[in-house]
Amino acid sequence: MFSPPLHIAIMEPSKIIFEGLQTIICHSSLDCRVSRLERLEELTEMMEQTPVEILIANPMQFVNLEKEVKKLRKCYPTLAIAGIDFGIIHRQSMLTDISFTLYDTPEQIIQSLHKLQEKSRQSDREKEEEENLSPREIEVLTCLVNGMPNKEIADRLHISIHTVVRHRKNITLKTGIRSQSGLTIYAISKKIVSIEDIEL
């Protein structure tokens, strides 16, 4: 399956350190592109345009921004963060997944990034699996977008009303959508139904 290149953002004020890391990464086996950031706000703006899988950051830039970092991670759960350990902070920050020092060899740094890449892609797969509706849920959804009440859905699919209700709860949990109009748009956008198939 085709995987797009990894997007790594480096948030480090020192141009020399940024260029050193960029050179190590670009000469490695990682299929990636590298962007530079100076502030956390820039990452939020960037994430709205294009996904970033790994952030490499100087943890000193997270000082007094713990809430913002946690909020960012909540919004983008697949984002993995590597901290650059300058030996100033004597324990790994709770805000980073992994850390490396500038005394590590290029191979050790790339190995750390490979681990984060796998973590990020695993999170992607889990998110995708969580969002996928089961075949039965798709059948229930198709009935719902056609305006069928629970009893009619139960009769059509030869299941109990209780089971229909359970499938409806699962659909809401997986899609985050409660309204029929929202579910209809979801079903069309996911090509579960076409506009022509909907009984108006």
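Me: In this predicted model, where does Q61 lie?
Reply: The model is a prediction. Strand β3 covers residues 54–57 and helix α3 covers residues 66–75. Q61 falls in the loop between β3 and α3.

Me: Is Q61 buried or exposed?
Reply: A residue counts as buried under 20% relative accessible area and as exposed over 50%. Q61 has a relative accessible area of 19%, so Q61 is buried.

Me: Which residues does Q61 touch, not counting those up to four places away in sequence?
Reply: Residues up to four places away in sequence are set aside here. The contacts of Q61 are then M11, E12, P13 and E38.

Me: In which sense do β3 and β4 pair, and over how many bridges?
Reply: In this pair, I54 stands opposite A80 in β4. With α3, the two strands make a right-handed β-α-β unit. β3 and β4 pair in the parallel sense, over 4 bridges.

Me: How many residues of β4 are buried?
Reply: Strand β4 takes in residues 80–85 and is mostly covered. β4 is also joined by 4 bridges to strand β5, residues 98–101, and these two run parallel. In that pair D85 stands opposite T101 in β5. Of the 6 residues of β4, the number buried is 5.

Me: Which residues of α3 are buried, and where on the helix are they?
Reply: The buried residues of α3 are V69, L72 and R73. They cover an arc of only 95° around the axis, which puts them on the same side of α3. The face turned away from that buried side carries the exposed residues K67, K70, K71, K74 and C75. What is buried is thus one side of α3, made up of V69, L72 and R73.

Me: Why do the buried residues of α1 line one face of the helix?
Reply: The buried residues of α1 include I17, F18, L21 and I25. An α-helix has 3.6 residues a turn, so residues three or four places apart point the same way. The face turned away from the buried side carries the exposed residues K15 and I16. Seen down the axis of α1, the buried residues line one face because they fall within an arc of 100°.

Me: Which members of the largest nonpolar core touch the most other members?
Reply: This core has 21 residues. The elements that give two or more residues to this core are β1, α1, β2, β3, β4, β5 and α4. One of the residues asked for, I56, touches I8, A9, I10, M11, L21, I25, A82, I84, F100 and L113, not counting residues up to four places away in sequence. The members that touch the most others are I8, I25, I56 and L113.

Me: Which helices do the buried residues of α5 pack against?
Reply: Helix α5 covers residues 135–145, and E137, V140, L141, C143, L144 and V145 are buried in it. After α5 comes G147, whose phi is positive, near 80°. The buried residues of α5 pack against α6, α7 and α8.

Methods: Residues numbered from 1 in each chain as written. Predicted model: local features only at pLDDT ≥ 70, side-chain atom pairs only at ≥ 80, totals over all residues. Heavy atoms only, no water. Buried < 20%, exposed > 50% of the residue type's maximum accessible area, 1.4 Å probe, protein only. Contact = heavy atoms within 4.5 Å. Pairing = 2+ DSSP bridges. Right-handed = clockwise from strand over helix to strand, strands pointing away. Core = buried A, V, L, I, M, F, W, Y, C linked by side-chain atoms within 4.5 Å. Arc of directions from axis to C-beta.
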